[in-house]
Amino acid sequence: MLVLGIESSCDETAAAVVSDGRRALSNVIASQVRIHGKYGGVVPEIASRKHTEAILPVILQALAEAGVGLNDIEGIAVTRGPGLIGSLLVGLSTAKALAFARGLPLVGVNHLSGHIAAALLMDPPPELPFVALVVSGGHTNIYLVRDFDDFQTLGQTRDDAAGEAFDKAARLLDIGYPGGVVIDRLAKQGDPRAVSFPRAMRDSLDFSFSGVKTSLLNMVKKRGRGFSADEIPDVVAGFQEAIVDVLVEKTLQAAAREAVRRVVVCGGVAANSRLRSRFEQDAREREIDVFIPPPVFCTDNAAMIAVAGERLLSAGRRDGPDLNAVSRWPLGLRL
Ligand code: KG4
Ligand code: ZN
């Protein structure tokens, strides 16, 4: 089945064509990162307006790059939530209009299930069941995935998401946006043991990242003038290490507890180079297979939505013109 995926839940307008839920023929992403960079975070009203401008050119480009026309498309998958409501509505209304005009089946997809489904684009894909860490700007959750409609939450963040902690730290240090990307780059020049940060909630599969953020804030306050450019790499390397440590440890602990030997790591923060190498190393030591999609399928994209949508469409799921966007949608909850 040839599925057109559409994603607009935050600040990326994306469209992709995926064949049989396995092969991305195109994956077009129009990022608004430079626009929101000025404000140090996503401004919802601006995001919706930019989605409106970008959505049709992005869809046309996705079709062109895949070498197909709308006539070849057999189904449409669109992110229904969770996310910014104004942003979601742009992708959703476009998908509904296209489906209605072309008489195509339409399905609304949970963005988090999309992040997990990105692992199915890998060769070989993970077999079920597996433990999945979804780690992004809005979420840090561990799931037991028995099937693509059977998710059990094993752990979640009690406060900030890991990506949010990276973004807030970068804002505090005034080193650029989006924080995760900048910290990943600067940390490569630093020593992760030079500055130590706390690791919270060691005995639980839940996360808390407010402590590590407050610890950084206290360091900055104590010094009065913040850190010099020379000191920043060590500071962010230590900060990143504290976050990576707990993400890796809890996810592998969850796999051990569930007696599952496969782990999927996905979402924007899974693009982090230190997180990727630490997972690969630690999982190998514990004889667990780890699946981390290539970075372009970790950060927000529409190929992952098409993959998740293809499975729903193949199982006979159809949504109608009354389909609405939802800002909050825990994974596994049937709406
Ligand atoms: O999945 P995503 O693109 O959007 C959400 O669904 O939230 O994730 C965005 C988050 C941001 O917080 C960003 O700082 C973080 O992913 N991120 C990274 C990296 N690339 C993106 N964090 C750490 N290292 C990276 N290389
Ligand atoms: Zn995302």
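Colleague: Which residues does Leu 331 touch, not counting residues up to four places away in sequence?
Modeller: Leu 331 touches Asn 110, Leu 112, Ser 113, Ile 116, Tyr 143 and Phe 151, where contact means heavy atoms within 4.5 Å. Keep in mind that this is a predicted model, where local features need pLDDT of at least 70, side-chain atom pairs count only at pLDDT 80 or more, and totals for chains, interfaces and linings use all residues. Residues are numbered from 1 along each chain as its sequence is written, chains are lettered from A and ligands numbered from 1 in the order in which they are written, and side-chain values use heavy atoms, with hydrogens and water left out.

Colleague: Why is Leu 331 called buried?
Modeller: Its relative accessible area is 9%. Buried means under 20%, exposed over 50%, and partly exposed in between, with a 1.4 Å probe and protein chains only, so Leu 331 counts as buried. Leu 331 sits in the segment after α11 (303–314); helices (H or I, at least four residues) and strands (E, at least two) are DSSP runs, numbered from the N terminus. The C-alpha atoms of Leu 331 and Phe 151 are 6.9 Å apart, though 180 residues separate the two along the chain.

Colleague: What makes Thr 157 count as buried?
Modeller: Its relative accessibility is 19%, so Thr 157 gets the label buried. You'll find Thr 157 in the loop between β8 (150–156) and α5. A polar atom of its side chain lies 3.2 Å from the backbone nitrogen of Asp 159, and one lies 3.5 Å from the backbone oxygen of Phe 207.

Colleague: How do you know that ligand 1 lies between domain 1 and domain 2?
Modeller: Domain 1 (2–117 + 297–314) and domain 2 (128–292) both give residues to its shell, so ligand 1 lies between them. Those bounds come from an automatic or database domain assignment. The domain centres, taken over C-alpha atoms, are 27 Å apart.

Colleague: How many residues surround ligand 1?
Modeller: There are 17, and the closest are Gly 137, Asp 167, Asp 184, Gly 268 and Asp 300. A residue is near a molecule if one of its heavy atoms lies within 4 Å of it. Helices α4 (111–117), α5 (162–173) and α6 (179–187) each supply at least two residues of that shell.

Colleague: Which atoms of ligand 1 lie 3.1 Å from His 115 and 3.0 Å from Asn 272?
Modeller: For the His 115 side chain, an oxygen atom of ligand 1; for a polar side-chain atom of Asn 272, a nitrogen atom. A polar contact is a pair of N or O atoms within 3.5 Å (within protein, one must be able to donate a hydrogen and the other to accept it, and residues adjacent in sequence count only if both atoms are side-chain atoms). The protein buries 88% of the 550 Å² that ligand 1 exposes when taken alone.

Colleague: Why is Met 201 partly exposed and Ala 259 exposed?
Modeller: Met 201 has a relative accessible area of 24%, so it is partly exposed. Ala 259 has 67%, so it is exposed. Phi is about 55 degrees in Met 201, which is not a glycine, and near 55 degrees in Ala 259. Most residues other than glycine have a negative phi, and most peptide bonds are trans.

Colleague: Where is the peptide bond with omega about -10 degrees?
Modeller: That cis bond joins Gly 81 and Pro 82. The bond from Tyr 177 to Pro 178 is also cis, with omega near -5 degrees.

Note on methods:
Areas by Shrake-Rupley, 256 points an atom, 1.4 Å probe, with all protein chains shown as cover.
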